[in-house]
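Here is a brisk report on one structural model. Keep the sequence and the coordinates open while reading.

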Amino acid sequence: MHKLSIKQLSEGLRAKQFSSRELTQFYLERISRYEPSLNSLITTTAERALAQADAADAAIAAGNAGPLTGVPLIQKDIFCTRGVRTSCASKMLDRFISPYDATIVEKLDAAGMPMLGKANMDEFAMGSSNETSWYGAVKNPWDLERVPGGSSGGSVAAVAAGLAPVATATDTGGSIRQPAALTNLTGIKPTYGRVSRYGMIAFASSLDQAGVVARSAEDAAVVLQAMSGFDPRDSTSVDRPVDDYVAALDRPIKGLRIGLPKEYFADGLAPSSRQRIEQAIEVFKTLGATFTEVSLPNSPLSVPTYYVVAPAEASSNLSRFDGVRYGHRSESARTLEEIYKRSRGEGFGAEVQRRIMIGTYVLSHGYYDAYYLQAQKVRRLIFDDFKRAFESCDLLLGPTATDVAFKLGTNVDDPVAMYLNDIYTIAANLAGIPAMSLSCGFVDGLPVGMQLMGNFFDEARMLNAAHQYQQATDFHRQLPKGFE
Amino acid sequence: MSLTADQIRQVAHLARLELKPEMTDAYARQLSNIMAMVGQLSNADTANVSPMAHPLDMHQRLRLDAVTAPNLREAFQAIAPATENGLYLVPKVIE
């Protein structure tokens with residue numbers, strides 16, 4: 001059952017081959033069987049899921065079912081869910097029971113998707129390996145000694161292992177695409193402002209965007225469709241109709257102009273990964289796509305730009321955690337200042353503390369112009385690079401990550417080495433454009449991902465190209481050994 | 001760009017973070033490395049480039065001046081560390 005697509009699951013539910021309750025129980029059983037080896041969930045919500053499944057079964061019986069009714073999912077633990085712990089993988093929020101729902105939780109509940117649980121992640125989405133979680137590291141189902149990527153490591157490990165058909169995720173600098181690449185999944189970060197950020201715990205507000213990780217572009221399209229749209233409760237939500245992503249999937253891609261940014265194929269990309277991507281380019285050519293080389297000359301500056309902008313915004317966003325209104329309060333604090341300092345000192349892990357300090361530093365008097373203002377100007381240069389590239393092509397194609405998944409513990413003491421994992425993904429967040437990752441093969445049994453980047457609001461064209469590629473290949477259908 | 005342990009303590013104070021004393025040296029080393037990486041930005045020619053704060057060229061939306069949110073004080077205070085009579089409790093600040 002866990003090998004079926006969302007479309008097939010939906011057809012099975014309508015044909016009464018199985019009920020949503022049976023489907024939900026099937027996944028809950030897989031969770032109890034496999035979760036101990038993965039640590040992909042922070043909270044399992046079996047009761048809530050089964051109640052939602054019963055409601056879905058009633059809707060199906062009454063003929064009121066939509067394309068997602070009765071199909072279970074996992075929510076990343078960054079999305080507020082009313083009455084359920086929403087921890088953001090931090091000790092700070094270990095006992096935080098959200099009093100309200102995020103918009104996308106409301107939307108996917110309304111679409112009839114039973115929520116199986118809340119996925120593990122890097123603390124406050126800060127990390128590229130899912131090793132900064134207060135609840136412990138997540139393992140990659142393709143090799144339990146390796147990382148699943150981050151920050152959406154729990155979301156991808158669960159879907160890759162078949163513990164859910166699909167999961168939500170978020171992407172501030174690559175947190176959907178890099179983990180999807182490392183676990184053989186399809187992950188999409190839509191255009192900034194396409195999916196509501198209301199109720200999504202903020203990390204860097206000008207970069208954060210919600211999306212989805214799934215086993216195919218087809219599955220991702222149908223769930224992204226249900227998540228997207230204008231939300232008056234998010235001041236940066238874009239008031240613009242959502243394209244029909246599902247209807248666009250089957251279009252032929254003959255004549256699609258794909259650009260290859262030469263900087264993305266320079267030194268630093270593992271030769272074995274490069275070879276898999278070159279093979280994918282050949283597949284796209286047989287489908288009728290044409291390729292040209294383009295240049296994004298400022299892309300080497302995307303990582304330094306990001307590590308000014310993102311920590312600056314994070315230091316401001318995370319100032320709300322004061323030990324007064326909600327979240328962890330230090331038991332040893334006796335003055336107000338001690339409540340602030342000790343609650344934050346005890347509640348935040350090392351990576352979150354590092355980023356708060358970098359952000360505080362680059363925003364402080366005397367350094368603002370040299371770092372923060374300069375980073376914002378370079379951000380404009382990076383944005384302009386993309387604008388120029390999209391004048392001559394429809395999509396850009398390159399690697400998602402420099403190499404396959406690395407071993408747990410490899411970069412934990414070297415933040416700069418860890419940050420360079422996101423060298424190919426960060427620029428899309430800085431520019432605000434949509435981007436996705438999908439599998440293009442394996443190296444020694446480990447998945448390799450390729451990245452597609454699109455122009456603003458061009459999600460449908462990206463998903464279409466990915467779907468056509470997946471019709472011609474079967475990498476995305478492979479499951480990790482031991483989880484078949 | 002190199003940060004000393006004293007600078008780390010000062011930044012931590014500004015950010016209202018109490019650091020474990022044994023972490024200060026490691027943070028100084030790691031933040032120095034990060035700032036050295038970030039230092040590449042100074043090589044970029046940004047004369048006549050306007051700063052970009054946000055990917056979308058949009059204005060703050062306005063809405064009708066109407067009451068839309070219900071009063072959820074009890075729900076919000078139910079998750080607070082300490083409250084009394086609808087107020088958040090903190091140690092005495094003014095003698």
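Buried means under 20% relative accessible area, exposed means over 50%, and partly exposed is in between (1.4 Å probe, protein chains only). Helices (H or I, at least four residues) and strands (E, at least two) are DSSP runs numbered from the N terminus.

The model is predicted: local features need pLDDT of at least 70, side-chain atom pairs count only at pLDDT 80 or more, and totals for chains, interfaces and linings use all residues. Residues are numbered from 1 along each chain as its sequence is written, chains are lettered from A and ligands numbered from 1 in the order in which they are written, and side-chain values use heavy atoms, with hydrogens and water left out.

**Helix H4 of chain A**

Helix H4 (residues 103–110) of chain A has buried residues Thr103(A), Ile104(A), Val105(A) and Leu108(A). Their cover includes helix H3 (46–61), strand E2 (73–76), E4 and helix H7 (217–227) of chain A. Gly112(A) follows H4(A) and has a positive phi, near 90 degrees.

**The annotated site**

UniProt positions are given in the numbering used here, feature names are shortened, and annotations may be inferred rather than shown by experiment. An unreviewed UniProt entry places "domain: Amidase" at residues 22–463 of chain A. Over residues 22–463 of chain A, the chain is 37% helix and 14% strand. The end C-alpha atoms of that stretch are 30 Å apart.

The UniProt annotation "active site", also from an unreviewed entry, covers Lys76(A), Ser151(A) and Ser175(A). These residues span 100 residues in sequence, yet no two of their C-alpha atoms are more than 11.4 Å apart, so they gather at one spot. From this set, Ser175(A) is in the lining of the largest cavity. A cavity is a set of points, on a 1 Å grid over the protein atoms alone, where a 1.4 Å probe fits but cannot get out; lining residues have an atom within 4 Å of a point.

Ser151(A) sits in the loop between strand E3 (115–119) and helix H5 (153–160) of chain A. Ser151(A) is buried, with a relative accessible area of 0%. The peptide bond from Gly150(A) to Ser151(A) is cis, with omega near 5 degrees. Contact means heavy atoms within 4.5 Å. Not counting residues up to four places away in sequence, Ser151(A) touches residues including Lys76(A), Asn120(A), Asp122(A), Thr170(A) and Ser175(A).

Ser175(A) lies in the loop between strand E4 (166–171) and helix H6 (177–182) of chain A. Ser175(A) is buried too, with a relative accessible area of 6%. Leaving aside neighbours within four places in sequence, its contacts include Lys76(A), Gly127(A), Gly150(A) and Ser151(A). The side chains of Ser175(A) and Ser151(A) make a polar contact (2.9 Å). A polar contact is a pair of N or O atoms within 3.5 Å; within protein, one must be able to donate a hydrogen and the other to accept it, and residues adjacent in sequence count only if both atoms are side-chain atoms.

**Backbone exceptions**

Most residues other than glycine have a negative phi, and most peptide bonds are trans.

**Crossing helices**

Axes are lines fitted to C-alpha atoms, for helices over the stretch in contact, and angles run from 0 to 180 degrees between N-to-C directions. Angles of 65 to 115 degrees count as roughly perpendicular.

In chain A, the axes of helix H9 (residues 271–286) and helix H16 (residues 459–472) come within 10 Å and cross at roughly 95 degrees. H9(A) and H16(A) are therefore roughly perpendicular to each other. Ala280(A), Val283(A) and Phe284(A) in H9(A) meet Ala465(A), Tyr469(A) and Ala472(A) in H16(A).

In chain B, the axes of helix H1 (residues 5–14) and helix H2 (residues 24–38) come within 9 Å and cross at roughly 95 degrees. That makes H1(B) roughly perpendicular to H2(B). The contact involves Ala5(B), Ile8(B) and Arg9(B) of H1(B), and residues of H2(B) including Tyr27(B) and Leu31(B).

Definitions and conventions
On a 1 Å grid over the protein atoms alone, a cavity is a set of points where a 1.4 Å probe fits but cannot get out, and a pocket is an open set with protein on both sides within 12 Å along at least five of seven lines; lining residues have an atom within 4 Å of a point. Angles under 35 degrees count as roughly parallel, over 145 as roughly antiparallel, 65 to 115 as roughly perpendicular and the rest as oblique.
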